[in-house]
Amino acid sequence: MNKELIINAAPQAVEIALLEDKKLVEMHNENANSSFGVGDLYLGKVKKLIPGLNAAFIDVGFEKDAFLHYSDLSPYIRSILKFTKLATNDTSPEGMNFENFQVEPEIVKTGKIAEVLSGKPNILVQILKEPIAAKGPRLSCEISLPGRYVVLTPFNDIIAVSRKIHSSEERKRLQKIIEAVKPKNFGVIVRTAAEGKPAAELHDDLLGLIATWKNMQQNLKGAVPPTKILSEEGKTNSILRDLLTEDFNKIVVNDKNIYNDTKTYLHRIAPEKLDILSFYNNGSPVFDAYGVTRQVKASFGKTVNLPSGAYLIIEHTEALHVIDVNSGYKSVGNNQEQNALETNLEAAAEIARQLRLRDIGGIIVVDFIDMKLPENKKKLAEQMDLFMRKDRAKHAVLAISKFGLMQITRQRMKPETNINTMELCPSCGGTGKVSSTLVLEDEIEKNLSYLIMQKHKGLTIEVHPILYAYLTKGFPSKRMKWRIKFKERIKIQPNTNYHLTEFHFFDKSNEEIKLQL
């Protein structure tokens, strides 16, 4: 699979498009004024304890206090509170030696937050989810620093290896390497990208993360909440860190500063990949040149068309997302069951792509085309699970229920990406319905009657050309009937700038009359 990263820098934001085999699969938007990012570390202040929710609200500088649940406290929360106090009050030039830090006992999973955070102390927290709508950020005290090959987890001595590394020999090799180089009071999670990498590269990655932790300790000195202590790398670098593999064959940037930053980062983590980076300055928009704009227009919206003629309907409710699979004009053929399976498999691949592309989270319910054979339902569920494996967000796919519905849950890390490719119809306001001609005619007549009662003379009505034809054609026309009824000469004029149901009244001096019924 060929992967391409196209980066479009604009004054207000940086847009990042990830393409797999030329197909758009992820869109990221990094606002220039965004102050909160997943992974950022903050020194926060406990503002309010909510025993009923077993949670607390923490002030980290957002307009709405951030939310911290007991389940996100980390078993080592007492150690974190102790460390936060020591680090903020530390005055030594070289800083405290974290390897000499005495770790406190773990808390129980079924405890109460009021017992742990009594006294409303200052606390070191990490952004788990960005602010969504009117909600503040979601926080975690299970602090982790991700690197290219390993993830550093302070306050424990655990070594874990990614489950995606299946070879038992490779897992043992990686375990031994980390055991030999890991400092005290740090846990390490070995990432999938570490498979087959030499010990020197793993050690360098670990040393870089330890240096980051020491830098964070320095930033904590004398800090007063709410304060950002450590910022996660930009979206571009974090995507490269998590996704950069042998499959990556192109990174295109249209901004010189981002190009230089990306080049520096690539030189540090994967110097052999420097040749895939290029600077774009060909005049036309970079997203147009690489087909991103075209795919955005085709991929967002309520209806998503599939190559076979089938289509998806994607709708959002307050509680969940609903996706309906329709066969469209695709020929049913003689074998309806086989046709349903083929359409469902095609739809499953597109649904997995849409979940990544729009970053849809929460509960997703998919109504596939009904199939009778259990083996076909099983095959569809297996393929859906396979398509979703490319997704970095935590997710779960359930088997098809007896009602023919599939349920998917997907981790929501940030607001859903929703690009409007349609505008509201000025005539119907998005309802798909307009007033009938008779109702519209009655409304005009009612307004006309009111204006004549107000002694307006020489009235002109401007309407859409289609409505003009309806009111003036025939014998007797509606205009003639109004003239007889109101004993006034009434002029009607067409205006191509009006939408179908729009009309306005003008007096004899050609000034518009504002109706106040």
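Begin with domain 1 and domain 2: their centres, taken over C-alpha atoms, are separated by 29 Å. The protein is divided into domain 1 (3–34 + 234–292), domain 2 (41–230), domain 3 (301–410) and domain 4 (439–513), with bounds that come from an automatic or database domain assignment. The model is predicted, so local features need pLDDT of at least 70 and side-chain atom pairs count only at pLDDT 80 or more, while totals for chains, interfaces and linings use all residues. Residues are numbered from 1 along each chain as its sequence is written, and side-chain values use heavy atoms, with hydrogens and water left out.

Next, select helix 1 (residues 77–89) and helix 4 (residues 199–220), which pack at an angle of about 65° with axes 7 Å apart. Helices (H or I, at least four residues) and strands (E, at least two) are DSSP runs, numbered from the N terminus. Axes are lines fitted to C-alpha atoms, for helices over the stretch in contact, and angles run from 0 to 180 degrees between N-to-C directions. The two helices are therefore roughly perpendicular to each other (65 to 115 degrees).

Show the side chains here: Phe83, Ala87 and Thr88 of helix 1 meet Trp213, Met216, Gln217 and Leu220 of helix 4, where contact means heavy atoms within 4.5 Å.

Finally, select Asn54, in the loop between strand 4 (41–50) and strand 5 (55–59). Asn54 is buried, with a relative accessible area of 16% (buried means under 20%, with a 1.4 Å probe and protein chains only). Leaving aside neighbours within four places in sequence, Asn54 is in contact with His69, Tyr70, Gly111, Lys112 and Ile113. A polar atom of the Asn54 side chain lies 3.2 Å from the backbone oxygen of Gly111.

Note on methods. Buried means under 20% relative accessible area, exposed over 50%, partly exposed in between (1.4 Å probe, protein chains only). A polar contact is a pair of N or O atoms within 3.5 Å; within protein, one must be able to donate a hydrogen and the other to accept it, and residues adjacent in sequence count only if both atoms are side-chain atoms. Angles under 35 degrees count as roughly parallel, over 145 as roughly antiparallel, 65 to 115 as roughly perpendicular and the rest as oblique.
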